[in-house]
Amino acid sequence: MCAKCHNEAPASPTLCQNRRMDSKAGLSVDEVSVRFGGLVALDRVSLEAAPGEVHGVIGPNGAGKTTLFNVMCGFVKPDSGTLTFFGQKVHGLRPEKLTRMGVARTLQGLGLFPRMPVLENVMIGADSLAKVGVLRALIGAGPTVSEERHLRAAAMAALDRMGVAGYASKLPPQLPYAIQKKVALARALVSNPRFLLLDEPASGLSEEDMGELGDLILELSSQLGIVLVEHHMDLVMRVCSNISVLDFGRVIAEGTPAEVKANPLVTEAYLGDEVQA
Amino acid sequence: MRNFWNFLLIGVSNGLVYSLVALGIVLIYRSTRVINFALAAMATFSTFIAASLIDRNVPYFVAFLAAIVFGFLLGAATERFVMRPVESKSPLNAVIVAIGMLIFLEAMAGVIWGAKLRNFPSHFSLIGLKIGGARLAISNFDLFIVTVVVVLLLALLVLFRYTKLGLMMRASAFAPEVARLLGVRVGRMLTLGWGLACAAGAVAGLLAAPKVFLFPNNMDGVLIFGFTAAIIGGLDSPVGALVGGLLTGVALSFIGGYLGSDLENVGAFVILVVVLMARPEGIFSSMSARRV
């Protein structure tokens, strides 16, 4: 689906004339600050992510990457600054509304429901596709049951896309970590988001799985915008078209992977001050 | 021996009512970690609504349904307007507010309908059934209780297991933050959960009233038995609520039958204390005990 004009599946992305990389189509974070008591977690951070690209957010531990994600998905209210999603200011919006606007997020801890089968886990993510409201669902069993079937099909398709449809009836704790990660990703994708926020998707994965993940991210990025928080530099440098570097809650560098790699400030943030010889 | 079977049957019939109360407590506890002590008053209030409709010659079953709908709306409104503001604070605040609701609603029932005992019609005969020459301790009304509770439990089972809405409600109960992130409107699910819980309470009130009479705090005792049942069941399991209710009902029926009916309340507390000491997480709970 075209991110800008909502045309169902244009023949190819380039055929849709409205698909321009303007800010109305993307997520922009503008001068956002977050303080926890005396600690400044984010200090006037700005970031612009466009559909069709992968925007990386990197930085040492404690730099504020996860806080930035929490702001972008509505968990944390910024003390100042604005968020603009798809040309609309979204100050004070709650996570469920953002998800319904088309922003999906995966969690570092995956957040799968341990006592629900994989399929049901993914079905919950498809809720925002649903048309039947609470009242109608309570009154008439008919639409609810057919709706449930619809969700089930959507969830199966998402699992299938990740190649984990065979685990649909298993409980998440029974599965290897890499499979659980794919389930979490399927759950984020099942709502057909326009933007996907990935929080350390590579942590705990083997070298081989990580290569597969990179392919997947690149494939997905042709259909939606992705913001990626990640520690594995190989992956970040491979898939990102733009990178923001955070350190102590501030953006210290921004640019293409090559530019960021060459920036001395970045090396300093990761390795400490250069030793004066 | 006939006594034994009679006590057992009475126990099952009463136990199903306790199960409904336990279910009302469990549905709310597992999504909000609040024990809704106001459930007793909500049940009584709904029963009074049915009683005054019946006084105005409304047919029994219409009044019965109206009371359930009223219970649902009362529960939903309580969550939305009374509990929501204290939701983010310590659970203790919510418990105190619930106790406040209990006192308020019971007092209001007294103001509106008066504090004296009154009969509540049962529609079905309360006289024991005859099998052969022997008269059993259970009546047509007890069979009605069994039918209503079984239908209600099956309906809830279908809702939670086989519908989208039930799935969202379970997700909201297990991990509200994650559910929010997935686009589930958790607030609405909570409102709905309180509505369903209090509707179950209303049914319990309607089924208990012919036996315990109707007055502003007629359900207080039943709430204690239902609470015992919920604890036995583990507080977060609907199946546990059903089994806990049956166990409590049967145990109290035997205690009342063999040892004297004054001892039923004492028996409930003894069961409660023993369960809390021996197995504080209940029989059916999936939670491990929390260390404080």
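Predicted model: local features only at pLDDT ≥ 70, side-chain atom pairs only at ≥ 80, totals over all residues.
What percentage of the 277 residues in chain A is buried? Buried residues make up 40% of its 277 residues, and the chain is built with 10 helices and 10 strands. If you display the contacts in chain A that have a separation of 6 or more, you will find that 65% of them join residues 24 or more positions apart.

**First stop: an open sheet in chain A**

Select strands β1, β2, β4 and β5 of chain A, which form an open sheet of 4 strands in the order β2-β1-β4-β5, with antiparallel pairing. Strands of a sheet pair through backbone hydrogen bonds, either parallel or antiparallel. The edges of this sheet are β2 (39-49) and β5 (88-89) of chain A, each of which pairs on one side only. Now look at β1 (residues 27-36) and β4 (residues 80-85) of chain A, which run antiparallel and are joined by 5 bridges; within this pair, A:D30 stands opposite A:T82.

**Second stop: strand β7 of chain A**

Next, select residues 195-199 of chain A, which form strand β7, a mostly covered strand in which 5 of its 5 residues are buried. Which way do the residues point along β7(A)? A:F195, A:L197 and A:D199 point one way, whereas A:L196 and A:L198 point the other way, and all are buried.

Keep A:L197 highlighted while you bring in the neighbouring strands. Strand β6 (residues 103-105) of chain A runs parallel to β7(A) and is joined to that strand by 3 bridges, with A:R105 having A:L197 as its bridge partner. Strand β8 (residues 225-229) of chain A also pairs with β7(A) in the parallel sense, over 5 bridges, and here A:L197 has A:V227 as its bridge partner. To follow the chain from β7(A) to β8(A), select helix α7 (residues 207-220) of chain A, through which the chain crosses in a right-handed β-α-β crossover.

Most residues other than glycine have a negative phi, and most peptide bonds are trans. Select A:F248, in the loop between β9 (242-247) and β10 (250-255) of chain A, where you will find a positive phi near 45 degrees in a residue other than glycine. Is A:F248 buried or partly exposed? A:F248 is partly exposed, because 15 other C-beta atoms lie within 10 Å.

Then move to chain B and select B:L235, which is found in the loop between α9 (220-233) and α10 (238-259) of chain B and has a positive phi of about 65 degrees although it is not a glycine. B:L235 counts as buried, because this residue has 24 C-beta neighbours inside 10 Å.

**Last stop: where the two chains touch**

Finally, show both chains together and select the contact, which takes 21 residues from chain B and 26 residues from chain A. On the side of chain B that touches chain A, the elements giving two or more residues are α6 (164-174), α7 (176-181) and α8 (186-212) of chain B, and α6(B) gives the most, with 6 residues. If you colour this side of chain B by residue type, its residues divide into 14 nonpolar, 3 polar and 4 charged.

How values were computed
Residues numbered from 1 in each chain as written. Chains lettered and ligands numbered in written order. Contact = placed C-beta atoms within 7 Å. Nonpolar A, V, L, I, M, F, W, Y, C, P; charged D, E, K, R; others polar. Pairing = 2+ DSSP bridges. Buried ≥ 20, exposed ≤ 12 C-beta atoms within 10 Å, placed from the backbone. Right-handed = clockwise from strand over helix to strand, strands pointing away.
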